[in-house]
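Here are my notes for your first look at this model. Please keep the structure open while you read.

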Amino acid sequence: PHDWSVEGPFDANAPMTGRGGYLASGIGWYRNHFTLPAAVTSGKQVYIEFDGVMGNSTIYLNGTQLGNHPYGYVSFRYDATKNIKFGSDNVLSVKTDTTIQPASRFYSGAGIYRHVRVLATDPVHVDQYATYVQTPSPTTTSATVHVTTSVVNSGTASQSVSIQGIVSPAGGTALAPVTAAAQTIAAGASASFTFDVPVATPKLWDLANPNMYQLVTNVQVGGTTVDDDVTPFGIRDLKFNGGMTLNGKSLKFQGVANHQDYHGLGLAAPQRAMQRRLAQLKAIGVNSIRTAHDPPSPEFLDLTDRMGFLVLDEFTDVWGAHKYQDVGDYAL
């Protein structure tokens, strides 16, 4: 992860203005060469996934444009299967563009400031962001982990697919696997699966004891696991009715609205910087965070889960109208 804007120079006449810290903006290019071993990845479905690129980004693989993304705060990915070369050199090129300024009411950085990964999956696999975990009405004696997910068949033939779910407490022994009934998924199609995992005497997630569990979702074809998806979660009960209760106890928000930049580190903060800030907030009694004013990184949300914070994850600072007369923000 890299934020080239925070490296300076500072300029009183910078298009970012004081709202952006008088720092640099414009166009930046990244290029990376990589090789996927043909023996392992040939025949796979290949995706290139970005956790966040500031601000407008255009992605090329081996000279072919995969797509353009106009928002720097959310994750996105592209199907690179048709453009990837197995067993030989690939060139990934990323154009980042923050030319239109001022872009925010605060420092917004520039560049590939969050992680990038290449995913090589079986043609039959869990769809992106498809696994959704709920724990309706848990108690200290029992809980039900309700799971929905979607499986995609990107292959050329229909497949009979089943789903196996395995729940484990952090550092504990895995519970008995639960299997959803098999479905036939046509080539190019997808199917939804739903299943429940019972948990006896669950350790509930709360602010003082943020107990975490893990769900492993295995996609099986002919009894063989061809793909898996790991989802961390907490078992907890939130209710809103003239106030909020967490696991049946009344709770008041002691919160902060916090921009995601990390001062001299800019936007490309290592996880330790995020952890340090959260630990300081925890020490002064903060129990909830509003992500002012855009979605944070996946690492941030993972840390808040594990450190015991409630999060209001904001989608965007603006939508259909500008905050100022200049037109560099996302409403553009």
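1. The structure holds nine aromatic pairs. Rings of Phe, Tyr and Trp (its six-membered ring) pair if their centres lie within 6.5 Å; planes under 30 degrees apart are stacked, over 60 edge-to-face, the rest tilted. Tyrosine 71 and phenylalanine 315 have ring centres 6.3 Å apart and planes at 70°, so they form an edge-to-face pair. The two residues are 244 residues apart in the chain. Tyrosine 71 lies in the loop between strand E4 (64-69) and strand E5 (76-79), and phenylalanine 315 in the segment after strand E21 (310-312). Strands (E, at least two residues) are DSSP runs, numbered from the N terminus.

2. This is a predicted model: local features need pLDDT of at least 70, side-chain atom pairs pLDDT 80 or more, while totals for chains, interfaces and linings use all residues. Residues are numbered from 1 along each chain as its sequence is written, and side-chain values use heavy atoms, without hydrogens and water.

3. Is tyrosine 71 buried or exposed? Tyrosine 71 is buried, at 5% relative accessibility. Phenylalanine 315 is partly exposed, at 48%. Buried means under 20% relative accessible area, exposed over 50%, partly exposed in between (1.4 Å probe, protein chains only).

4. Ring pairs join Tyr71, Tyr73, Phe315, Trp319 and Tyr330 into a cluster.

5. Two arginines have charged ends over rings. Arginine 236 sits over tryptophan 205, 4.7 Å from the ring centre. Arginine 277 sits over tyrosine 262, 4.1 Å from the ring centre. The test asks for NZ of Lys or CZ of Arg within 6 Å of the ring centre and within 35 degrees of the ring normal.

Notes: Helices (H or I, at least four residues) and strands (E, at least two) are DSSP runs, numbered from the N terminus.
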